[in-house]
Amino acid sequence: QLNNNSPVGCCTSRAPAPPPNKMATPTLAPVLSPTATPIELDDAMVWLPGAALQTDLDTMWLCIGAILVFFMQTGFAMLEVGTVNKKNTSNILLKNVLDASVGSIVWMITGFGLAIGDASPSGGFMGSTHMALNEDEFGGEGYMYGMWLFQWAFAATTATIVSGAVAERCTFTAYITYSVCLTGFVYPVVVCWGWNTTGWASAWKSVDDDENPLLMGCGVIDFAGSGVVHMTGGVAALVGSAFLKPRKARQPVTGGPLLTLPSDYAPEYGPIFQTLGTLVLWMGWYGFNGVSTLYIVNYGLVAAKTMVTTTIAAGTGAVTTLFVGSLMDGKTDGQYTLKLGNVQNGLLGGLVAVTASCSVIEPYAAFVIGFLSCFVYLGAVKTLDALRVDDVVLAIPVHLFCGCFGVIMAGLFATKENYANAYYSDRADDCAGVFYGGNGSSLAAGGVFILSIIAWVGAWSCVVFGGLRNMGLLRVEEHVEEEGMDKSEHGVTTGYQPGNTGVELAAVDDGSSL
């Protein structure tokens, strides 16, 4: 049966690989037997993978994607360690390792089940099966374990977004508390809404019934998580940063304006690690977006095109932000300066902005989205400064603001053909973007989804961060912040001041020597 009315997205159970919109390119290699099926097509005998081989290939696809997305933790770690003061180096690195480690435990116990389990009993609000890697519900099926691994990597990314924003003044107790709550409850519920085949806002839903209808008749287009992942992390980061208040280095006087950090605040190696981290994140994004097809058999076109649009948006965002940011900063000593931070965060902003629509747009639209994301990011940076919100790594402009922008762009630029290939062909005419003849339902669903994420994540973040502040567990004491958390919390007492090597430079007539 050659149609395209089966979902690519997150599923409550593994069905056979969805049939292609067009016949997959056949292979003439009979060595695939006995897991390949011979069929006659246009008077030629061709071999198509059998069900067992298709499942194995799709499972491997998920595992490769999980590895790429998990490697993004390295990118976040390098980006953050190149941004914070060196007296907080061990602290931020430890938190990056624990984002994945703690996340693996809570994702096993509750996270995956709430996100991907059957949500029909709750009307699409949260899942209720597949808790604690229950073997009976997983059925010993490799694909579902691959799905668990892939989705865990996404959950760890969400927690890391927050840790970067609230760095250098958040207690370890507060970090563990919000990380567990976010990964084990708050984020999985948003995943259920947007990606579960029974989620109330999900475009992956195949059946539109009275008890759990399709949102606006289409569901939200958020293919790889501009809203689900990035907005969730961004909203939590905004609330956390607001409750924590700015670092003393940026706001010496309580309630005063935010100051620009001195040029020597970040370590000398900062630009190296920031750039390394940015490039690692870009590489990992091919797993983040491309492998969100969740299948590779018969979905090579969707996966490849997704990676192309991802690339174009990233490059456009980087170049545009570099030059527009320079113009906005004005001249210094009579000339414009090109800042490394602008090109790095512009690149990441472009990636976040295209994540929702990466599978349903044409390459030119990726260029437009990457270009416009520059202005979203730069405007958000100015807004945070005006609101006196101190975001250490500028995660809020990149993830929250560009993520929100990305969900909106998906409702404008999705083409009918691409929507049919990535989602469902039977509703592509109505659910395509407004610019391509859609009836606006996807755009409206995106608006509802954005407001729902802000309300849900914002409310729970206020409960968690507000409760910690009221108990005196949120922010480190002033002397700890001044000395650095490496010394007070991790026992690191050396490496911050130049050591006495016992060697001195002695001046001589013809130069200097040891």
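Let's start with two helices, α1 (residues 51-81) and α7 (270-290), which pack at an angle of about 160 degrees with their axes 7 Å apart. That makes α1 roughly antiparallel to α7, a label for angles over 145 degrees, where under 35 would be roughly parallel, 65 to 115 roughly perpendicular and the rest oblique. Axes here are lines fitted to C-alpha atoms, for helices over the stretch in contact, and angles run from 0 to 180 degrees between N-to-C directions. The helices themselves are DSSP runs (H or I, at least four residues), numbered from the N terminus.

Please keep in mind that this is a predicted model, in which local features need pLDDT of at least 70 and side-chain atom pairs count only at pLDDT 80 or more, while totals for chains, interfaces and linings use all residues. Residues are numbered from 1 along each chain as its sequence is written, and side-chain values use heavy atoms, with hydrogens and water left out.

Helix α1 has another partner in α2 (residues 89-116), at an angle of about 165 degrees and with the axes 10 Å apart. These two helices are therefore also roughly antiparallel, but α1 passes α2 in a right-handed crossing. On the α1 side, the contact (heavy atoms within 4.5 Å) uses Phe70, Gln73, Phe76, Ala77, Met78, Glu80 and Val81, and these meet Thr89, Ile92, Leu93, Asn96, Asp99 and Ala100 of α2. By class, that gives 8 nonpolar, 3 polar and 2 charged residues.

The structure holds 5 cavities of 30 Å³ or more. A cavity is a set of points, on a 1 Å grid over the protein atoms alone, where a 1.4 Å probe fits but cannot get out, and lining residues have an atom within 4 Å of a point. Grid points are joined across faces, edges and corners, and a volume is the space filled by probe spheres set on the points. The largest cavity holds about 120 Å³ and is lined by 15 residues, with Phe76, Leu79, Leu348, Ala395 and His399 nearest its centre. At least two lining residues come from each of α1, α4 (142-165), α7, α9 (340-354) and α11 (395-413). The lining has 10 nonpolar, 4 polar and 1 charged residues.

What volume does the second largest cavity have? About 80 Å³. Two or more of its lining residues come from each of α5 (172-195) and α14 (441-470), and α14 gives the largest share, 5 residues. Tyr178, Cys181, Trp460 and Phe465 are among the residues that line this cavity, and its lining divides into 10 nonpolar, 1 polar and no charged residues.

The axes of α5 and α14 come within 11 Å and cross at roughly 160 degrees, so the two helices are roughly antiparallel, and their crossing is right-handed. The contact has 16 nonpolar, 3 polar and no charged residues.

Finally, look at the largest pocket, with a volume of about 1300 Å³. Of the 38 residues that line it, Thr260, Leu261, Lys339, Gly341 and Leu394 are the closest to its centre. A pocket is an open set of points with protein on both sides within 12 Å along at least five of seven lines. Helices α7, α8 (300-329), α9 and α10 (363-387) each supply at least two lining residues, and the lining has 16 nonpolar, 12 polar and 10 charged residues.

Key
Left-handed = near helix turned anticlockwise from the far one by under 90°. Nonpolar A, V, L, I, M, F, W, Y, C, P; charged D, E, K, R; others polar.
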